[in-house]
Amino acid sequence: MGTWKTKNGNTKKKISYISVPAQIINSVSSSSLQSFLDNKSSKKISSKFFINLRNPKLWAFSLFLLSILGISLRLGLCLSHFGSGVYESQLQSSDSNGSPKSHLGFAYIRSNTTQVEISNAKDRSLDTGVEKNETFGGDQSHLITSNGNVHDDKNYEFWKQPDGLGYKPCLDFSIEYRRESKKIVAERRKYLMVVVSGGLNQQKIQIVDAVVIARILGAVLVVPILQINLIWGDESEFSDIFDLEQFKSVLANDVKIVSLLPASKLMTRPSEDGSMPFNASPQWIRSHYLKRFNREGVLLLRRFDSRLSKDLPSDLQKLRCKVAFEALKFSPRVLEMGTKLAERMRSKGPYIALHLRMEKDVWVRTGCLSGLSSKYDEIVNIERIKRPELLTAKSSMTSNERKLAGLCPLNAKEVTRLLRALGAPRDARIYWAGGEPLGGKEALKPLTSEFPHLYNKYDIALPLELKPFAKRASIMAAIDYIVCKESDVFMASHGGNMGHAIQGHRAYEGHKKIITPNKRHMLPYFVNSSMTKTEFEKMIKKLHRQSLGQPELRISKAGRDVTKYPVPECMCNQSNTTI
């Protein structure tokens, strides 16, 4: 600010400004000039500086220096940009010459100890550091509210989480159960061995039941043996998939667990039994197996998948939940991989997870048709004729009757219509889990045309990341399980063990949103061409109003699995803390 004379001789104080490029301001922010200007305590220096501003020669010299500095900075920026472009070009060239690359186009290049991640996918950017959360190819602005719900201006209702009614995990065992525990964990004479079969979620069901059976018998449980799957050739052992130490420590006060039989029992021929009936009660188990322990000391169980009764005393139901949700954690490397993929999916906002049951064997076993074309219908029918034993119950029903009865998986077109009717935004990112669908990519076209940001684990992981698990079907399923469980919205197209397990797990962790397709009631509206789009969407929302993950009592129907419906045995709120 200086003093200026006007034409009439009066003096006025006016403020004068210097126009300086932004780059120069940034560059001098830490310079002596900036320190000089910030030093308001030095009145003498400040006074001299402003007096010198009146000197025209100083003005001209200062502007000249500023111009030179500005030109130098601009030239430097251009050279820097050019250099980075050349470097990126070199990296991309290096990538094309064999660097590991995923379906999304990520390339990882190591330089000394630094790992550089480059994305060259045009519309699937994973750029971070922006205020508006951009999806891999979409654009979703959202806000996480205080209760954990995702608030979105346009799509709030779809991402909104259900009201858990205050239910939280509550595994308070009775005094009698705790008293018996001291005697059971001290057991050293009776040993239970089990062989579990099937895929990951079948294995989990059997492991949960094995712990409960060991508790009923008061026996020591030997770490379950995983039978090699003849279809997938998976040779994984228990500790490859699950955290063995977690399994032992969490259940230390319920059942004693050992990795191997003691030396004194190694030469003992175990008493083997494979005749457990369905819905076997604790009384049946004690009456049939305790005598065998007295003779051999070791009991071996096979083929007991889902044979233990689902309606057990309260303490044993709590034990089931404890095993399923707290003891059976995945091994560190599996958990790390699954968590990494879940974080990548959520890096730009909320995401949907789908478990699609559209594999060839699923259509064969269910007696249903995929809805693709007559070509694929013929493939399924031929396979069904060759292997009639694969077809599940109600073989007298036609494929159309099965579909209208809600016994068939949803195909991609039906999944798409359901999601759109429930308000899923078109730019939502969707993770899909499951095997290769019959018809390959063609089978997924209805989904990708409406929801272009559709990915599976191979799309968001580098080939080298999944390579260690390439021949481990159960581990691959575990990775899918983690990403699905962590999603904001989950839906299974056809129930099944994985869908049920994730439903229960999400309920146990706070009733996170899960869409349970009301197939039997909604499918007639799918074929009703007289309905308008608005009427159709209104009806679909009405049918699913109570099928979005709200607390549902297990005891409302007999035979329900507590690991799918953990309320009320394994969860309680203030109104039922005594249950």
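This is a predicted model: local features need pLDDT of at least 70, side-chain atom pairs count only at pLDDT 80 or more; totals for chains, interfaces and linings use all residues.
**Confidence**

Start by colouring the protein chain by pLDDT. The average over the protein chain is 79, and 72% of the residues score at least 70. Residues 1–9 have a pLDDT below 50, and this stretch makes 16 contacts in the model beyond near neighbours in sequence. Next select residues 77–151. Here too the pLDDT stays under 50, and the model has 126 contacts beyond four places in sequence for this stretch.

**The disulfides**

Now show the cysteine side chains. A disulfide is a covalent bond between the sulfur atoms of two cysteines. How many disulfides does the count come to? The count comes to three. With bonded cysteines counted along the chain, the disulfides follow the pattern 1-6, 2-5, 3-4.

Select Cys170 and Cys572. Their sulfur atoms are 2.4 Å apart and form a disulfide. This pair links distant parts of the chain, 402 residues apart: Cys170 is in the loop between β7 (168–169) and α6 (175–184), and Cys572 is in strand β19 (residues 571–572). The disulfide of Cys170 and Cys572 is right-handed, because the torsion about its S-S bond is about 90°. Cys170 and Cys572 are both buried.

Move to Cys321 and Cys570, a disulfide with sulfur atoms 2.0 Å apart. Cys321 sits in helix α11 (residues 314–327) and Cys570 in the loop between α23 (533–543) and β19, so this pair ties together parts that are 249 residues apart in sequence. The link of Cys321 and Cys570 is right-handed, with 85° about the S-S bond. Are these cysteines buried or exposed? Cys321 is buried, with a relative accessible area of 0%, and Cys570 is buried with a relative accessible area of 0%.

Then select Cys368 and Cys408, whose sulfur atoms are 1.9 Å apart in a disulfide. The torsion about the S-S bond of Cys368 and Cys408 is about -85°, so this disulfide is left-handed. Cys368 is in the loop between α13 (360–366) and α14 (374–386), while Cys408 is in the loop between α15 (399–404) and α16; the pair therefore ties together parts that are 40 residues apart in sequence. Cys368 and Cys408 are buried.

One further cysteine to pick out is Cys484. Its relative accessible area is 0%, so Cys484 counts as buried.

**Helix α14**

Which residues of α14 are buried? They are Tyr376, Asp377, Val380, Glu383 and Arg384. Turn the view to look down the axis of α14: the buried residues fall within an arc of 130°, so they line one face of the helix.

**Glu414 in α16**

Select Glu414, which lies in helix α16 (residues 412–421). Is Glu414 buried or exposed? With a relative accessible area of 9%, below the 20% cut-off, Glu414 is buried. Leaving aside residues up to four places away in sequence, Glu414 touches Lys403, Pro409, Leu523 and Phe526.

**Backbone details**

Return to the loop between α23 and β19, where Pro568 lies. The peptide bond from Val567 to Pro568 is cis, with omega near 10°.

Finish in the loop between β13 (298–301) and α11, where Arg303 is found. Arg303 is not a glycine, yet its phi is positive, about 50°. At 54% relative accessibility, Arg303 counts as exposed. Ser306 also lies in the loop between β13 and α11. Its phi is near 60°, a positive value in a residue other than glycine. Ser306 is partly exposed, with a relative accessible area of 28%.

Terms used: Residues are numbered from 1 along each chain as its sequence is written. Side-chain values use heavy atoms; hydrogens and water are left out. Helices (H or I, at least four residues) and strands (E, at least two) are DSSP runs, numbered from the N terminus. Buried means under 20% relative accessible area, exposed over 50%, partly exposed in between (1.4 Å probe, protein chains only). Contact means heavy atoms within 4.5 Å. A disulfide is a pair of cysteine sulfur atoms within 2.5 Å. pLDDT is the predictor's confidence in each residue, from 0 to 100. The arc is that of the directions from the helix axis to the C-beta atoms.
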